[in-house]
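Reader: Please put the sequence and the structure up. I would like to go through the labels one at a time and hear what each rests on.

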Amino acid sequence: MERGKIEVYGVDASMNMKEIFSDVLANYDSEVIKLISEKYGFSEMESMRKFLYSETYEMLSDFELEMWEFSPLVILDMWENEKITGDPRNSVYIRGESGV
């Protein structure tokens, strides 16, 4: 095995990271879209459009931000803060206020 190369069960794991991240992102998409539809009464298509064209989604899609550590409810909170304040970083979960 080459130095710096990761193998899991004989498969180059680094080559699969994009596929894994894509699957994780797809799961977040469906969960957050469902939450938006349920809470606001939008159709799934409208919820998808609103979420996919948001800064919150752009942040979620950035592999380096590691936002997969957050639950879909936290992502929803970020999206709601973006809609209210214009910036998803105003979410209490990002600001890190105590009591959360």
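Reader: Why is Phe 63 called partly exposed?

Author: Its relative accessible area is 38%. Buried means under 20%, exposed means over 50%, and partly exposed is what lies in between, with a 1.4 Å probe and protein chains only. The value for Phe 63 falls in the middle range, so the residue is partly exposed. Trp 68, with 32%, is partly exposed by the same rule.

Reader: What kind of model do these values come from?

Author: From a predicted one, in which local features need pLDDT of at least 70 and side-chain atom pairs count only at pLDDT 80 or more, while totals for chains, interfaces and linings use all residues. Residues are numbered from 1 along each chain as its sequence is written, and side-chain values use heavy atoms, with hydrogens and water left out.

Reader: How many aromatic pairs are there in the whole structure?

Author: A search finds four. In one of them, Phe 51 and Tyr 57 have ring centres 5.3 Å apart and planes at 75°.

Reader: What makes the pair of Phe 51 and Tyr 57 stacked, tilted or edge-to-face?

Author: Rings of Phe, Tyr and Trp (its six-membered ring) pair if their centres lie within 6.5 Å; planes under 30 degrees apart are stacked, those over 60 are edge-to-face, and the rest are tilted. With planes at 75°, the pair of Phe 51 and Tyr 57 is therefore edge-to-face. The rings of Phe 63 and Trp 68 have centres 5.2 Å apart and planes at 35°, so that pair is tilted.

Reader: Are Phe 51 and Tyr 57 buried or exposed?

Author: Phe 51 has 0% relative accessibility and counts as buried. Tyr 57, at 17%, is buried too.

Reader: Which residues form a cluster through ring pairs?

Author: Tyr 40, Phe 42 and Trp 79. Tyr 40 lies in helix α1 and is partly exposed, at 38% relative accessibility. Apart from residues up to four places away in sequence, Tyr 40 touches Trp 79 and Glu 80; contact means heavy atoms within 4.5 Å.

Reader: How do you know that Lys 50 lies over the face of Phe 42?

Author: A charge sits over a ring if NZ of Lys or CZ of Arg is within 6 Å of the ring centre and within 35 degrees of the ring normal. Lys 50 is placed over the face of Phe 42, at 4.8 Å from the ring centre.

Reader: What makes a set of residues a nonpolar core?

Author: The members are buried Ala, Val, Leu, Ile, Met, Phe, Trp, Tyr and Cys residues, joined through side-chain atoms within 4.5 Å. The largest such core here has 16 residues, and Ile 36, Phe 51, Leu 60, Met 67 and Ile 75 have the most contacts inside it. Two or more residues come from each of α1 (13-40), α3 (55-60) and α4 (72-85). The most, seven, come from α1.

Reader: Why is Leu 60 called buried, and what does it touch?

Author: Leu 60 has a relative accessible area of 3%, which puts it under the limit for buried. This residue of helix α3 touches Phe 21, Leu 25, Tyr 28, Phe 51, Met 67 and Ile 75, not counting residues up to four places away in sequence. With the same exclusion, the contacts of Met 67 include Tyr 28, Leu 60 and Ile 75.

Terms used. Helix = DSSP H or I, 4+ residues; strand = E, 2+ residues; numbered from the N terminus.
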